[in-house]
Amino acid sequence: MNDLLPGAVVPARERTGLFASLVKTLPPESVVFADQRVLRLHPAAAKALARFEVLPMVAGEPAKSLTMVERLARKLHGVSRSATFVALGGGTIGDVIGVLAHLHKRGVRLIHVPTTLLAAVDSSIGGKGAVNVGEVKNALGVFHAPAETWLCPAFFETLSDGQLREGRLEAWKMVATLDAATFRRWSRKPPDDGALLREARGLKDAVVRTDPYERKDVRVVLNFGHTFGHVLESVSGYTLRHGDAVGLGMLCALDVGVAMGLTPRGVADAVEQALPNRPGARRELSRWASRAKVSAVSTVLAADKKGSGGALRMVLLEDLGRWRVARVEASQWQGLWRGAWSRGG
Ligand SMILES: NC(=O)c1ccc[n+]([C@@H]2O[C@H](COP(=O)([O-])OP(=O)(O)OC[C@H]3O[C@@H](n4cnc5c(N)ncnc54)[C@H](O)[C@@H]3O)[C@@H](O)[C@H]2O)c1
Ligand SMILES: [Zn+2]
């Protein structure tokens, strides 16, 4: 165990509680990379960090760049390889600090403190860090697992409804594809965010443990809804939030499955009803789908390396909690894009 480099995939120690209390367990040589918005919204957390070196950052996709990695690295010359890096923020801070922690002195100990629900249910699990290069999202990445993950629910109190919805949609993605019993229970009575977080994290954790370095076709399930989710994000000029785009992308994946005779209609209807999409989701889908020509969609899909010659590999549902990767011919998705998705029905 002690021979493992920092970042090696071992189950992260999960701690739940008050940030100010957990901070007391940090070793003295810790560097905290913090979303400055979180520091502003949570002064008690900022105050608790007084003894440590804190580097405030602006969150968002531009933070996920090699330029940012270098800018931060320049401030770390005196920091040894036995240091601990703390990523305090949403998925963008977590992703870029994952890369930095991997590279600094060939790897240092990392603690994730996800402050968005999306980061808590998704990006802080599985050890992936990445930066964007030009227009290509996550073009350079590493596996660098956190030694610890801290779940501090107080941070989620300052998230907007939209931010909460994004995290919830990703959580529903996990139960719909992986756990029929939980899906049914959640459908009968939607979980509070604490239960949603715990159960969805457990599901993602089980998936990444089976396939920690993405060598098998297992982690791919986490892409459910992401094929057309990414297309919609792109055709909306990124005005559609990622989670909302994935929420609509899941409707697309259900429709494709039904059209191919792979997803039973009843299953598709149950998932569509349960997903916490915004009201009028089909209208929203049609708003974006009717704006983009199939040729433009193909360009996005090709850049996303999702298929060749217009055919796609997509995660589709065979049943609640049961999925498979299927080849989807160009004519199948193009018919839906021009037809049902553009019309909104
Ligand atoms: N590594 C992975 O496995 C993985 C998985 C899924 C997503 N991701 C990545 O995660 C990123 C998206 O994550 P995100 O939505 O958390 O992004 P983010 O870090 O940009 O956070 C979204 C917004 O929320 C704000 N914010 C953060 N915490 C807050 C709080 N407590 N209260 C109020 N506002 C707060 C941020 O300042 C930012 O404006 C994407 O870059 C995506 O690629 C990575
Ligand atoms: Zn996602």
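**Exercise 1. Which residue forms a salt bridge with K173, and how far apart are the closest N and O atoms?**

Solution. This is a predicted model, in which local features need pLDDT of at least 70, side-chain atom pairs count only at pLDDT 80 or more, and totals for chains, interfaces and linings use all residues. Residues are numbered from 1 along each chain as its sequence is written, chains are lettered from A and ligands numbered from 1 in the order in which they are written, and side-chain values use heavy atoms, with hydrogens and water left out.

Step 1. A salt bridge is a side-chain nitrogen of Lys or Arg within 4 Å of a carboxyl oxygen of Asp or Glu.

Step 2. The partner of K173 is D122, with the closest N and O atoms 3.7 Å apart.

**Exercise 2. Describe the contact between domain 1 and domain 2.**

Solution. Step 1. Domain 1 covers residues 13–158 and domain 2 covers 161–343; these bounds come from an automatic or database domain assignment. Taken over C-alpha atoms, the centres of the two domains are 28 Å apart.

Step 2. Contact means heavy atoms within 4.5 Å. By this rule, 16 residues of domain 1 and 22 residues of domain 2 take part.

Step 3. Buried area is the accessible area (1.4 Å probe) that two parts lose on being put together, summed over both. For domain 1 and domain 2 the value is about 1600 Å², with 62% of it on carbon and sulfur atoms. On the domain 1 side, L117, V121 and I125 supply 37% of the area buried against domain 2, more than any other three residues.

Step 4. Four salt bridges are counted between the domains.

Step 5. Helices (H or I, at least four residues) and strands (E, at least two) are DSSP runs, numbered from the N terminus. Both α6 (117–123) and β8 (148–151) supply at least two residues of the side of domain 1 that touches domain 2. The largest share, five residues, comes from α6.

**Exercise 3. Is L164 buried or exposed, and which residues does it contact?**

Solution. Step 1. L164 is part of helix α7.

Step 2. Buried means under 20% relative accessible area, exposed over 50%, and partly exposed in between (1.4 Å probe, protein chains only). L164 counts as buried because its relative accessibility is 13%.

Step 3. With neighbours within four places in sequence left aside, L164 is in contact with L117, F156, L159 and D193. The C-alpha atoms of L164 and L118 are separated by 7.6 Å, although these residues are 46 residues apart along the chain.

**Exercise 4. Why is helix α10 largely enclosed by the rest of the structure?**

Solution. Step 1. Helix α10 spans residues 226–235, and seven of its ten residues are buried, so the helix is largely enclosed.

Step 2. The buried residues are H226, T227, F228, G229, V231, L232 and E233.

Step 3. These residues pack against α7 (161–178), α11 (242–259), α13 (281–289), α14 (294–303), β10 and α15 (330–343).

Step 4. After α10 comes G237, whose phi is positive, near 65 degrees.

**Exercise 5. Where does V315 lie, and what does it contact?**

Solution. Step 1. V315 lies in strand β10, residues 311–319. With 5% relative accessibility, V315 counts as buried.

Step 2. Beyond its neighbours within four places in sequence, V315 contacts V220, V221, F224, A253, W323, R324 and V325.

Step 3. V220 is 95 residues from V315 along the chain, and their C-alpha atoms are separated by 7.4 Å.
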